[in-house]
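Please look over the sequence and the model below before reading on.

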Amino acid sequence: MKSIFLPALFAGVLAATHVQAADEAGASFLERWDVNNDGAVSLEEAEKRRQALFAKLDTNKDGFLDSDEFTVGAETGAASGSEDTSMLMGLDLNDVDGDGKVSAGEFMSNSGTWVDLMDENKDGVVSAEEFQTKWHDRDARIKLR
């Protein structure tokens, strides 16, 4: 009986921790991205946040983001509990012209793409729940790789 109970208990604790992390990520996302505090992130809010994020990630201030800057940004975000750089914002998604770096224009032009990818019910805004769903989806994709 003990041999079945302990693994089941452990699995339950892990599942609860994962759900709690997703809930916290959704709330944290809204705190950082919901500029007007209406409970959802619009395209305009995403553009403002991505503009500030680009400036933060462009550590060498050359007007471009390279793979190293995305990597450092993702590592810094993960360490601080922020998912800004790792959630659908990598070099591959944003390098529109395929030159291996992302200009401010490329990064900003993908704000709509980011909102579209996140906005499951297609109401034009990203809610905490939609963000949480994508958080779970991202984890599933990582496990499949």
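What follows covers the overall fold and then the aromatic side chains.

This is a predicted model. The protein contains seven helices and four strands, and from the N terminus on these elements run α-β-α-β-α-α-β-α-α-β-α.

**Overall picture**
- Of the 145 residues in the protein, 36% are buried, and the protein exposes about 8,400 Å², of which carbon and sulfur atoms supply 59%.
- Among contacts between residues at least 6 apart in sequence, 58% join residues at least 24 apart.

**Aromatic pairs**
- The structure holds six aromatic pairs, and one of them is the stacked pair of Phe29 and Phe131, with 4.2 Å centre to centre and 5° between the planes.
- Because Phe29 lies in helix α1 (residues 2–33) and Phe131 in helix α7 (residues 128–144), this pair ties together parts that are 102 residues apart in sequence.

**Around Phe107**
- Phe107 belongs to helix α5 (residues 104–109) and is buried, with a relative accessible area of 0%.
- Phe54 and Phe107 form a tilted aromatic pair, 5.7 Å centre to centre with 50° between the planes.
- Since Phe54 lies in helix α2 (residues 43–57) and Phe107 in helix α5, the pair ties together parts that are 53 residues apart in sequence.
- Phe54 also counts as buried, at 8% relative accessibility.
- The charged end of Arg50 sits over the ring of Phe107, 4.0 Å from its centre.

**Another charge over a ring**
- The charged end of Lys101 sits over the ring of Phe64, 4.3 Å from its centre.

Conventions. Residues numbered from 1 in each chain as written. Predicted model: local features only at pLDDT ≥ 70, side-chain atom pairs only at ≥ 80, totals over all residues. Heavy atoms only, no water. Helix = DSSP H or I, 4+ residues; strand = E, 2+ residues; numbered from the N terminus. Buried < 20%, exposed > 50% of the residue type's maximum accessible area, 1.4 Å probe, protein only. Contact = heavy atoms within 4.5 Å. Areas by Shrake-Rupley, 256 points an atom, 1.4 Å probe, with all protein chains shown as cover. Phe/Tyr/Trp six-rings, centres within 6.5 Å; stacked < 30°, edge-to-face > 60°. Lys NZ or Arg CZ within 6 Å of the ring centre and 35° of its normal.
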